[in-house]
Amino acid sequence: MTDLYQTQRAMRNMRRAAMQRGVIGILDIGTSKIACLVLKFDGSGTTREADGVGPMAGQAEFKVIGAATTRARGMRGGEIETMAETERAVRTVVAAAQKMAGVRVDHVIACLSGGRPSSYGLAGEITLEQGKVTEHDVASVLAACDAPDFGRGREVLHAQPVNFAVDHRSGLGDPRDHAGNRLACDMHVLTVDGDAIGNLLHCIRRCDLELAGIASASYAAGRASLVEDEQELGAACIDLGGGGTGVSIFIKKHMIYADWVRIGGHLITQDISQGLRVPYAVAERLKTLNGGIEATGRDDRDMIEVGGDTGDWESDRRSVSRSDVIGIMRPRVEEILEEVRQRLDAAGFDSLPSQQIVLTGGGSQIPGLDGLATRILGPNVRCGRPLRIDGLAHQLTDPSFASAVGLALFAAHPQDEWWDFEMPADRYSARSLRRAYRWFRNNW
Amino acid sequence: MASLSDQHGAPKPKRDPAPSRLQYRLERMWLRPLYRRFLRIGLPAFLLAMTVGIWLSDEDRRAMLSEGIDGLVDKVQSREEFQVRMMTIEGASPAVDKALRAMLPVDLPASSFDIDLTALRLQVLALDAVETIELRIKPGGILSAVVTERQPALLWRHARGIDMLDKTGHRVAGVTSREMRPDLPIISGDGADQVTAEALALIDAAGPILPRLRGLQRQGERRWDVVLDHGQRILLPETGAIVAMERAIKLQKEQDVLGRDISVIDLRDAERPIIRMGIDARNTIRGARGLPLLGLDGQVLPDQDKTGG
């Protein structure tokens, strides 16, 4: 844990350095596309009223000055499969974004979508020696959380304190200076496969970039798509991506659960390709242009030219009806939503005060999806678009850029994590000098 | 099937849109402001300076270059359009005209670039007789000079001869004798040229005694004496000379002072005008009083009445 603590602290320092330079890159490496945004931070407190984008609760202190997107290569199921291919794709997109921004990007914040994430709720408790909660006590209680065995090769991606309790007063956001005898905390820890992070890190290093932060894609999508009330009262964000579907549950502005369903839009395309015996690219086109969930009588008569270049006239001049496409897509989408339902049930989503469900990601653009989702997931379903941020081009504001926008918000205002607090002194075994200093400060 | 696929040929490999590692690194380097500035400004400037420096380091090339530039300048300057063929002078007397033509530094026809009009103008203004001059080159290759000459108003006799002065006191020309310009009044004395305006005013004020006026004499660089014929003088004060002059004229009108045997009217003290009488008048008075007479030098003569009869 200490090793990870140091790594994450180093990343936080990197992020601070990048903010000081004023330029930071956002790299959303997905299974179907890679997006890169270049953010420019121009000092805090300056708000611009540009084309209808207000100050947005202080989230507009940055501006997007470069944006590029490209087709992902060498990715499968949210993880890197072929390193060299992914590296090329990253180079393409970073070079394009840099060219548009006209500045060099040195620090990037990336997100990891796959890597078999698993959520843990940890609890810790300490007795307060001074009868009052100090900053040091907060760090101690976070360190006192008893971590279960995460398994071999697992890395902690997020460790966010969700709730603090002093004596019997629970639900505190900030326990500092509260009087009491006992401090307890709940922490949400998200672990992912260490190798997936290592691969991503290697890929980014190979592009001469430095990682200034890493976040889970489901978390980023939730931050971008859920409005403030939804985050406060409890909501789930379903990020329907290409390689998989991310699920994250928010309450009291904290993520309390995140998971990943390994069925995504690519599987739907694959089904169409197999079912209609068309090339993958054609199937993708059919899905995006003519896809749907609810078939009507009119769709039977809506014939689509499949086309093709096999050279076989019979094969190339085929046409399928739209209801054929819908008939293939619908069971797969149902399956995805059923899986999501299971994850939500496992997380105890039913017991949340508000059960808002927000669909985002590229898959949420399938017409009629919200109707199907209402039937499977619950009554309160909406299709969400990411928050508007300053300077982002209009074609980059559709739901498939939710995690990129979320990462931009994460870069500007990261939530407190375990490693943002000073580790208690007894954990520093080797640093006797600092311990001596602390002893002096506490006793004199 | 083989023939079918042959018909289409091998699928053309798509160009990889990803930049190569080297290209990517170069692009990123290019985005560094320092490199960018160096490559865009520093390097070209250095190369340019070095090339020019190496080229110019050879003596022959330098000479060739300067020759070439000189030749080019010469060629442009000696074009037909810039030639000045003649000089017209307006408002100048023959002597000034001659001097002006002599002052022109080049022989006409010459290029207008060789004639420095400002220097020429300053040189011409150094001539005493010229008050202002307007020099310009008119289209058609004509150097036009419009000269305003100084008008002599006074003659000034001083230790080195006689000069003509204009009304501001500037020298116009020298004259050999008074008779050359009998129409001009004459003044004399050191510093008389500094106060020509007062002298002219005094001469204007002379009025009825003008026919008898021979000239004005500056005394001690501070006041004027009016010299009349028959050796008579009017001594004027330092200040209020004109008023004193008018007073003298009034005296002349009322009492015909100057018609009598009076050698000097001293008006220096306005309270107390003094008159110095001539020898004859004094002898008449002395004779009436029975005093010995005075000689022409003012000395008492030996008693002629007793010796001579």
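Reader: Where is B:Asp256 placed in chain B?
Author: In this predicted model, local features need pLDDT of at least 70 and side-chain atom pairs count only at pLDDT 80 or more, while totals for chains, interfaces and linings use all residues. Residues are numbered from 1 along each chain as its sequence is written, and chains are lettered from A and ligands numbered from 1 in the order in which they are written. Helices (H or I, at least four residues) and strands (E, at least two) are DSSP runs numbered from the N terminus. On that basis B:Asp256 lies in the loop between helix 8 (241-255) and strand 13 (262-266) of chain B.

Reader: Is B:Asp256 buried or exposed?
Author: A residue is buried if 20 or more other C-beta atoms, placed from the backbone, lie within 10 Å of its own, exposed if 12 or fewer, and partly exposed in between. B:Asp256 has 9 C-beta neighbours inside 10 Å, so this residue counts as exposed.

Reader: What is the phi of B:Asp256?
Author: Most residues other than glycine have a negative phi. B:Asp256 is not a glycine, yet its phi is positive, near 55°.

Reader: Which loop of chain A holds A:Arg277?
Author: A:Arg277 is not a glycine but has a positive phi of about 50°. With 13 other C-beta atoms within 10 Å, A:Arg277 is partly exposed. Its loop is the one between helix 7 (265-276) and helix 8 (280-290).

Reader: How many residues of chain B are in contact with chain A?
Author: Two residues are in contact if their C-beta atoms, placed from the backbone, lie within 7 Å. Chain A contributes 10 residues, and chain B contributes 12.
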